[in-house]
Amino acid sequence: MVPSQPFLHAVVFALTVLQAIASNTFIAAVYEHAVILADATEEPVSADDALALMNKNMDVLEGAIKEAAQQGAHIIVTPEDGIYGWRFTRETIYPYLEDIPDPAVNWIPCTDPTRFAPAPVQERLSCMARNNSIYVVANIGDKKLCNSSDPSCPRDGRYQYNTNVVFDPEGKLVARYHKYNLFRRETQFNYPKEPEAVTFETPFGKFGIFTCFDILFREPAVVLVSELQVDTVLFPTAWMNVLPFLTAVEFHSAWAMGMGVNLLSANTHNVSLAMTGDGLFTPEGPAAYHYDSRTEEGRLLLAELSARPRLSPTYPPAVNWSSHATSIKKFPGEKDTFLAAVRRDIFTFSELRCKAGNYTVCQGDLCCHLVYQMSNKSKDEVYVLGAFDGLHGSLIKYHWQICTLLKCKSTDLNTCGQPVETAHTKFEMFSLSGTFGTNYIFPEVLYSGVQLAPGEFEVLRDGRLKSKHGTSKPLLTATLFGRLYEKDLPHPLRTSS
């Protein structure tokens, strides 16, 4: 007698769950997708044309999902905008949206596609998860009708949300998250009325989810980690790299270390928009990452991660980020400071004129302290110690405190803070600390060629970012990136109207 297909699926699903329960680790995957974009148009396309474009992207994603499952992955994250792209107005994105129900309805679109309004994208994603016995995380658009009884209802009678969905290995919708911090160009979407803290349990830990720009704000990012104690964060993103501090792999790796959780970061890939860089990041550093600014190819990454990193014997100890810097009784003052811009942020810099030294730079309430020794200083390269304490952003303003050891673009000090991807100077050692007013600090070390430095630096319990040995590659930046969420200005655009 040949077993029925539902029976076989139940057996495979049960084995997958038992395997995950029996282990303190799980295999995670992320896919960096070179999105097939819709033609720019001022008029909405038909629903059939919209679905045809989305199916082209889902064909690619399905191939990655199958490959990940074949390699033993329990979960895969795909990028923000990965199914339809981003060339839209509020009107032209509408044919691409579906009504996504609350996961409490206990729905498997793959086996019950007609239960709600037509949802071919959710049905196909559900089937990808079910047919491959894997959790699938994707970013799509949600639409919700409203009327005049709702004073916040938009004029066109609907809310439109940038939305993440998660389907479990049975194909059931288990999570839905509406992006709360929209980037300034996302005028096609509405802000949710309230921030959502979305979590769900798996056999291999507690998961939270948010999207791209959300990572820089207290809600939902800090709430999920500090208050709801998730083990792993799922992070679809469409991240445009910004050196020297906000390149995707650099900041996302630092965020996972600073917050003490796993971060599964899946980026879109578009070289012309400087979109690249995804990874599987842990509290100890990157388990795997990818950065490619030259080709237009997607990339699948897999790695085995701790299911509950806080219980791991290698989990980093708590850090008092200002302890060392504030214990220095007398800072060696530097008179020869100068101001230069990192994008719009005006930093106070001091040039490192010698191959070795002990420097301090202050701005506002922040003093940054550096001890260093270069091994082969290049004559045509300038390094500086910099400090910034203030609000960042043009429209949406949020507060940073940053201490950085930074390579300048040229020997002209006016170029300090401008993007640079290559260097020749290596360091025998460096130790960077600051008098931070927050414990939300993210440690970054970036080498020439936009490469991370896993295992080559450590954060001491007194707040020093310190090289373990000499740098194996020339150094671009070593940075302590702090966020003072309580000093953020009120959001000027968060409204559902």
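User: Which residues of α5 are buried?
Analyst: First off, this is a predicted model. In α5, the buried residues are Ala-248, Val-249, Glu-250, Phe-251, His-252, Ser-253, Ala-254, Trp-255, Ala-256, Met-257 and Met-259. That's eleven of the twelve residues, so α5 is largely enclosed by the rest of the structure.

User: What comes just after α5?
Analyst: Gly-260, which has a positive phi of about 75°.

User: New topic. Which positions does UniProt list as "active site"?
Analyst: The unreviewed UniProt entry gives Glu-80, Lys-179 and Cys-212. They're spread over 133 residues of sequence, yet they cluster in space, with a largest C-alpha distance of 10.4 Å.

User: Is Lys-179 buried or exposed?
Analyst: Buried, because its relative accessibility is 1%. Lys-179 sits in the loop between β5 and β6, and its side chain makes a polar contact of 3.0 Å with that of Glu-80.

User: And where is Cys-212?
Analyst: In the loop between β7 and α4. Cys-212 is buried too, at 8% relative accessible area. Its contacts include Glu-80, Lys-179 and Trp-239.

User: How many bridges pair β15 with β16?
Analyst: Eight, in the antiparallel sense. Cys-362 has Cys-367 in β16 as its bridge partner.

Conventions
Residues numbered from 1 in each chain as written. Predicted model: local features only at pLDDT ≥ 70, side-chain atom pairs only at ≥ 80, totals over all residues. Heavy atoms only, no water. Buried < 20%, exposed > 50% of the residue type's maximum accessible area, 1.4 Å probe, protein only. Helix = DSSP H or I, 4+ residues; strand = E, 2+ residues; numbered from the N terminus. Pairing = 2+ DSSP bridges. UniProt positions renumbered as here; feature names shortened; annotations may be inferred. Polar contact = N/O pair within 3.5 Å; in protein donor to acceptor, adjacent residues only side chain to side chain. Contact = heavy atoms within 4.5 Å. Lists of a residue's contacts leave out its neighbours within four places in sequence.
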